[in-house]
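Reader: Could you walk me through this one? I would like to start with the overall picture and then go into a few details.

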Amino acid sequence: MSVFHSVTELIGQTPLLQLHKLASGSCELFLKLENQNPGGSIKDRVALSMINEAERLGLLVPGGTIIEATAGNTGLGLALIAAQKGYSLILVVPDKMSREKIFHLRALGAKVVLTRSDVNKGHPAYYQDYARRLAQETPGAFYIDQFNNEANPLAHATTTAPEIFAQLDGRIDAIVVGVGSGGTLGGLQAWFAQHSPHTEFVLADPAGSILADQVESGRYGEPGSWLVEGIGEDFIPPLAHINGVHKAFRVTDREAFATARELLQQEGILAGSSTGTLLSAALRYCQSQTSPKRVVTFACDSGNKYLSKMFNDDWMRQQGLLAHPSNGDLTDFIALRHDEGATVTAAPEDSLAAVLAHMRLYDISQLPVMENNQLVGIVDEWDLISHVQGDSQRFSLPVRQAMTRNVEILDKHAPESALRNIFDRGLVAVIADNGRFVGLITRSDVLTTWRNRLEQ
């Protein structure tokens, strides 16, 4: 095995995996594992290409500052390489980006500026407009601008495309791609037009993005919203040659997340939300074919960036993307059911410090206190404040001294209206089934359930 001397040398030459356990019909389906790049995504290629080209043109000088707008992965690639080369990096990112990506970026030394994800191009808070304005206001800064930077598709024309071609001995009938900046599509199309012109390009587009409309009709209307990160747009990226796409598939968030989770369960590949979109479209394309074809798509990034989101059942339920079968009673409102082992609990002898640690770890504000599998009380943040009172030594007190013992319990068959009286008194609802603790219901749980009913 080779010895490498820089993390940048590990970018590219990613494996190609044939998938055998998913329903691809008569087609052979291959997954290019771009999640194996050192920064965890296909965007490492783009970041390296753009920085190298900026240096070659004299646009970046030692000690310079790079500014970029990104949904995350380009930022991670830039942060990885900027750290190696000694550049400062400021990234403007939409606020729907996963916490894992933000933590990763900051750990690499990047400055992360969050902005709104619910506004479109032309609004001052739109991430690309914000980044461009910030670059103009920052002395000596270089706006790397992946959406208009020709070194973006160049990365794929010079590395990704010939790698895939060589790995499959030139026999590729279709490539399924998503479009964020457009560099992947543009770069692959440019190379394959010369070396394999019969290869079709298929667009995987999040439902709500306008790109599928453009492919199908040559025009588009108002964009919607979607949770998938990194692909889909509310405009046509200049680097994306949409007119060269043969077919487009719209993929809902529900389909994308379910497919990514299935990929992990069936094939053992931990990949992100955009991969779920691409793979869902690729499977639908394969299933629609009447003759065998060789089809390639991408594991765009690693799923470890989405553990708190699409691989988190609680988050999926909050978004209305995963639900328990309806029971027709109050248990339908419970997010974390105790009989399924999902409830975080405390014991009477646990310290208040341990309770606070659990609240922070699981992002909750109250814990049921259980003894011999029976509910004996509830402890919440106000109980901690009331008993610690600024004296840090009191965090060693046991929970039994701070918990609320007078807990009002509702049977699961009580009417929904019974929740209102409990919430009016600032309490959480404790639900029981024949006296056995089932779970807690908070105001947030009720709102989430009501919203999910509307979406269904």
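**Overall picture and details**

Author: Residues 24 or more positions apart account for 66% of the contacts in the protein that have a separation of 6 or more, a contact meaning heavy atoms within 4.5 Å. This is a predicted model, in which local features need pLDDT of at least 70 and side-chain atom pairs count only at pLDDT 80 or more, while totals for chains, interfaces and linings use all residues. Residues are numbered from 1 along each chain as its sequence is written, and side-chain values use heavy atoms, with hydrogens and water left out.

Reader: OK, and how many helices and strands are there?

Author: The protein has 14 helices and 15 strands, taken as DSSP runs numbered from the N terminus, with helices being H or I of at least four residues and strands E of at least two.

Reader: What percentage of the residues is buried?

Author: Of the 456 residues in the protein, 53% are buried, where buried means under 20% relative accessible area, exposed over 50%, and partly exposed in between, using a 1.4 Å probe and protein chains only.

Reader: Switching to sheets, in what order do the four strands of the open sheet come?

Author: The order is β5-β4-β3-β6, and the pairing is parallel, two strands being paired if DSSP finds at least two bridges between them. β5 (111-115) and β6 (141-143) stand at the edges with a single partner strand each, so one side of each has no neighbour in the sheet. From one strand to the next the twist averages 20°, based on axes that are lines fitted to C-alpha atoms, with angles running from 0 to 180 degrees between N-to-C directions.

Reader: How many bridges join β4 to β5?

Author: Five bridges join strand β4 (residues 88-94) to β5, and Val93 stands opposite Leu114 in β5.

Reader: Now a side chain: is Lys101 buried or exposed?

Author: Lys101, which is found in helix α3 (residues 99-107), counts as buried because its relative accessibility is 1%.

Reader: And which side chain does Lys101 join in a polar contact?

Author: A polar contact of 3.0 Å joins the side chains of Lys101 and Glu229; the term stands for a pair of N or O atoms within 3.5 Å, where within protein one must be able to donate a hydrogen and the other to accept it, and residues adjacent in sequence count only if both atoms are side-chain atoms. Leaving aside residues up to four places away in sequence, Lys101 also touches several others, among them Asn73, Asp301 and Tyr306.
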